[in-house]
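Q: I'm new to this one, so could we go through it together, a topic at a time?
A: Gladly; here it is.
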Amino acid sequence: MSPAPTLEANVSLRPYNTFGLEVTARWFARFASVEELRALLALPQVQAAEKLVLGGGSNLLFTRNFEGVVLKNEIRGLEIVDQDEETALVRAGAGESWHGLVQYALGQELSGIENLSLIPGTVGAAPLQNIGAYGAELKDTFEQLEALELSTGRLRTFLGPECGFGYRESVFKGPLKNQFIVTNVLLRLHKQGRPNVRYGDIQTTLQDMGIEGDPTPLHISEAVSSIRRSKLPDPAQIGNAGSFFKNPEISQAKFDELKAQFEGLPGYPVPGGVKVPAAWLIEQCGWKGQRRGPHGVHDRQALVLVNHGGAQGQDIRDLAYEIIASVREKFGIELHPEVNIM
Ligand SMILES: Cc1cc2nc3c(=O)[nH]c(=O)nc-3n(C[C@H](O)[C@H](O)[C@H](O)COP(=O)(O)OP(=O)(O)OC[C@H]3O[C@@H](n4cnc5c(N)ncnc54)[C@H](O)[C@@H]3O)c2cc1C
């Protein structure tokens, strides 16, 4: 029998959001298994309340106190559940840290997620926005996930095509938003490293590290980690949630029109159009490094909004809306937040 779940009242969420915002949850509880989660969901206060499942709080902006129940996912477990000559199927509990899973894979000499090294947060949140970095996305190795349906308490398995993965998108952010809690994720990883070094500065960083010939997954992980440390602010030092906006995708015609006007406009072909770096657009509007008292735009990465200490979530949200409006006015391009605004 699992112990009775405990609900704590009026809990500070400051340690649980990487913006470091001082907000509270009316109710707060942790669960480390599906049984504990079901027991929590059966409590009358929980049934009646708005629910928020929380992983590492690295993709959330709280603009007010949360008046419902925060359910902190602490389901652990990392294991190889099946394998053949070329691949291994790894199951990870949704409350494991994502980077912990990357390190586990590296320890087992498995490849496929090394380019996603050092992304903060939990395994369970990774499918929500199909996390991606340095030329890789979760969907590239994704096999299936299990999730508990809030309305029925039943577990359901979702295979890749049912997850509707796109660029920082999935059905769990779209039509099935707030309906399922991911409890575990299965990834199919490779025994023979297939290095993916095409993106960003990976190649030059490997050279700087003195790596010649085919890099191992561990080398790539180290290169990606070193690039990320040099480019992104550490939430332990300065509150942030990584890229605040998605990179917008526009039509080729719109891109050509803008390119005639703004010569330096960068763009990368994607199916159906061109992806434009939001950071460039924001920088061109003069936002990079702007500071409004305790909050602002990071001085080395225009895509990252920051809490220098003591900021309010509403102020960061309002700044984001101002940035969206100025990019719309200058370029006629609509930016969309990647961060979940609560
Ligand atoms: C410095 C920094 C760098 C980052 N770099 C990247 C990057 O390179 N690529 C990238 O894609 N992202 C990046 N992010 C964003 C973030 O790390 C990812 O989105 C991550 O997957 C969020 O995980 P989390 O556990 O912190 O989610 P949380 O912030 O706790 O939650 C995010 C959303 O997912 C929901 N959720 C969480 N867990 C579950 C679950 N088990 N079941 C159902 N819903 C759930 C929450 O309710 C919320 O809506 C970065 C963030 C930071 C701070």
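A: One term is needed before we start: buried means under 20% relative accessible area, exposed means over 50%, and partly exposed is in between. Please also keep in mind that this is a predicted model.

Q: Okay, so is Glu 249 buried, exposed or partly exposed?
A: Glu 249 is partly exposed, because its relative accessible area is 46%, and that value falls between the cut-offs of 20% and 50%.

Q: And which residue does Glu 249 form a salt bridge with?
A: Glu 249 forms a salt bridge with Lys 275, and the closest N and O atoms of the two are 4.0 Å apart. Glu 249 lies in strand S14 and Lys 275 in strand S16, so the pair ties together parts that are 26 residues apart in sequence.

Q: What about Lys 275, buried or exposed?
A: Lys 275 counts as buried, because its relative accessibility is 17%, which is under the 20% cut-off.

Q: How many salt bridges does the count come to?
A: The count comes to 16 salt bridges. Among them is the one between Lys 231 and Asp 201, where the closest N and O atoms are 3.1 Å apart. Lys 231 lies in helix H5, while Asp 201 is in the loop between S12 and H4, so this pair ties together parts that are 30 residues apart in sequence. Lys 231 is partly exposed at 37% relative accessibility, and Asp 201 is partly exposed as well, with a relative accessible area of 33%.

Q: Switching topic: which residues have the most contacts inside the largest nonpolar core?
A: Those are Trp 98, Ile 113, Leu 145 and Leu 187, in a core that has 43 residues. Several elements give two or more residues to this core, including S7, strand S10 (142-149) and helix H5 (217-231).

Q: Which element gives the most to this core?
A: Helix H3 does, with 6 residues.

Q: Where is Glu 86 placed, and is Glu 86 buried or exposed?
A: Glu 86 sits in the loop between strand S6 (78-83) and strand S7 (87-93). Glu 86 is exposed, because its relative accessible area is 56%, which is over the 50% cut-off.

Methods:
Residues numbered from 1 in each chain as written. Predicted model: local features only at pLDDT ≥ 70, side-chain atom pairs only at ≥ 80, totals over all residues. Heavy atoms only, no water. Helix = DSSP H or I, 4+ residues; strand = E, 2+ residues; numbered from the N terminus. Buried < 20%, exposed > 50% of the residue type's maximum accessible area, 1.4 Å probe, protein only. Core = buried A, V, L, I, M, F, W, Y, C linked by side-chain atoms within 4.5 Å. Salt bridge = Lys/Arg side-chain N within 4 Å of Asp/Glu carboxyl O.
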